[in-house]
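Let's take a walk through this one together, starting with the whole chain and then zooming in on one spot.

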Amino acid sequence: MTVKVLIADDQAMVRAGFAALLNAQEDIEVVGDAADGVAAVTETSRLRPEVVLMDVRMPTMDGLEAAKRVLSAPEHRRPKVLMLTTFDVDDYVYEALRMGASGFLLKDAPPGDLIAAVRIVAAGDALLAPSVTKRLIEDCFKARPALRRSTRLDELTPREEEVLRLIARGLSNPEIAASLFVSEQTVKTHVGKVFAKLGLRDRAQAVICAYETGLVTAGDPRQT
C-alpha cells in the first residue's frame, strides 16, 4: 500500500526537499503541502493523508494547535501526525505527543531517517525513536513526585498491563512477541485492547499514559 503524506512547513525549500525525497519512494506519495497551520488543517481535511509532517513553528497557527485540530477529527479520518522540530527538547514536543502525535523528527535528520519515520508512523506497530522519545517523556516526569497507581489500570488484564509496560520500554510488536513468547497477532490484539480501554491513539501516547498512571516511573532501571 502507498502511504499518502502531507507536508506542513513554512519554508518552501523544506517542503520541496521533503516532497522530492518521499516521492522517490515506491510506497510513499506526497499528496499536498501547506505553508501555515490553517492551511495544514484545511488540506488535511480535504486530501485525507495517512501521515502529516507538521512543523512545530508556523505562522497564522502554530503546529501544536494545527495538530490538535487534525487529531480531533473522527477516528476513521484521523491521520498520524509526525512533528518536525529543530530541537529535540522543544517545549511543544511533549504536549504534541500527549495530544496523540505519533512522534517527532529533527528537521536536519538524515534523509533515511525521514523515510523510515514515515513508514514506522504509518504502520503504527513501533515507537519512533524510542530512546529519544522515552528520554523526553522521562524528563517531563522527573520533576514530579512519584505517582500512585491509577485506578485506570484496573480495566486492564495482567497480560495487557504487561504489554503496556513493554510499550513504555519502547519495544515494537515483534519485540514484545519475542519477549512474551507469543505471536505478533496476539500482541496486536493485546495492544488494540489496551488502546481501546485507555482511550489511547498511539504508542507515544501509551508511553505517557504508563508514566501518568504510575505503571512505570522515571529512572526505573527496568525501563531501560
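Helices here are DSSP runs of H or I with at least four residues, strands are runs of E with at least two, and both are numbered from the N terminus. Counted that way, the chain has 10 helices and 5 strands. The radius of gyration, taken over C-alpha atoms, is 17 Å, close to the 17 Å that the globule rule (2.2 Å times the number of residues to the power 0.38) gives for 224 residues, so the chain is as compact as a globular protein of that length.

Before going on, keep in mind that this is a predicted model: local features need pLDDT of at least 70, side-chain atom pairs count only at pLDDT 80 or more, and totals for chains, interfaces and linings use all residues. Residues are numbered from 1 along each chain as its sequence is written, and side-chain values use heavy atoms, with hydrogens and water left out.

How much of the chain is tucked away? Of its 224 residues, 48% count as buried, meaning under 20% relative accessible area with a 1.4 Å probe, protein chains only. As for contacts (heavy atoms within 4.5 Å), take those between residues at least 6 apart in sequence: 67% of them join residues at least 24 apart.

Now zoom in on Leu156, which sits in the loop between α6 (130-142) and α7 (158-168). Is Leu156 buried or exposed? Leu156 is buried, with a relative accessible area of 8%. Setting aside neighbours within four places in sequence, Leu156 is in contact with Glu161, Leu164, Val194, Lys197 and Leu198.

Key. Buried < 20%, exposed > 50% of the residue type's maximum accessible area, 1.4 Å probe, protein only.
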